[in-house]
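Q: I would like to learn how to read the pockets and a helix of a model. Could we go through them in turn?

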Amino acid sequence: MAIEEKVQEITKLVEELLAAEPAYFIVGVGIRPINNISVFIDGDAGVTIEKCVRINKSLYKGIVETAIFPDGEFSLVVSSPGIDEPLKLTRQYIKNIGRELEVETTEGAELEGKLIAADHAGIELDEEKGKGKKMETVKHFILFDQIKSAKVKVVFLVVTCAPVVAAIF
């Protein structure tokens with residue numbers, strides 16, 4: 001069985017496992033040399049480690065039972081894509097509405113802004129330009145076929161605290 005056929009069989013097994021849980025979906029399945037299988041799943045409200053472990057156990061059993069790897073030699077990792085992975089599916093964009101994105105277009109433009117909307121055709125991104133009174137919001141409507149890469153921007157908040165001086169009289 002060719003690699004692509006194995007990926008399709010594993011994808012089918014994952015779809016069967018997730019069929020009863022519509023809040024979860026497959027982002028991707030890959031097989032690297034020496035049968036290292038990576039399955040990425042996501043959920044509308046995220047994915048817990050416990051969910052990944054349960055799917056891993058069930059999927060492992062399914063792979064063995066269907067003899068996708070007749071010699072039984074393979075490794076399996078089930079995880080969420082992670083914050084540093086690009087968004088791939090419309091459902092991921094919808095899940096991240098309201099968050100800051102970094103988008104690179106197929107024309108080479110790099111945009112940063114708040115994801116306002118997403119549908120089957122593309123996304124709406126609000127980019128803030130300028131500072132103070134000269135700040136303006138530029139709306140971008142980007143079709144999916146014009147997006148080379150889109151990642152959720154990780155924003156760190158810095159909190160400083162003033163020292164507290166207490167006096168007891």
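A: Lining residues have an atom within 4 Å of a point. This is a predicted model, in which local features need pLDDT of at least 70 and side-chain atom pairs count only at pLDDT 80 or more, while totals for chains, interfaces and linings use all residues. Residues are numbered from 1 along each chain as its sequence is written, and side-chain values use heavy atoms, without hydrogens and water.

Q: What volume does the largest pocket have, and how do the residues of its lining divide?

A: Its volume is about 200 Å³, and the lining divides into 6 nonpolar, 5 polar and 4 charged residues.

Q: Which residues line the second largest pocket?

A: The second largest pocket, with about 150 Å³ of space, is lined by residues including E100, K114, D126 and K153. Strand β5 (110-118) and strand β6 (122-129) each give two or more residues to this lining, the largest share, 4 residues, coming from β5. The lining comprises 1 nonpolar, 2 polar and 7 charged residues.

Q: Which residues of α1 are buried?

A: Buried (under 20% relative accessible area) in α1 are K6, V7, I10, T11, L13, V14 and L18. They lie on the same side of α1 because they cover an arc of only 160 degrees around the axis, whereas E4 and E16, on the other side, are exposed (over 50%).

Terms used:
Buried < 20%, exposed > 50% of the residue type's maximum accessible area, 1.4 Å probe, protein only. Arc of directions from axis to C-beta. 1 Å grid on protein atoms, 1.4 Å probe; cavity = no way out; pocket = protein on both sides within 12 Å on 5 of 7 lines; lining within 4 Å. Points joined across faces, edges and corners; volume = space filled by probe spheres on them. Nonpolar A, V, L, I, M, F, W, Y, C, P; charged D, E, K, R; others polar.
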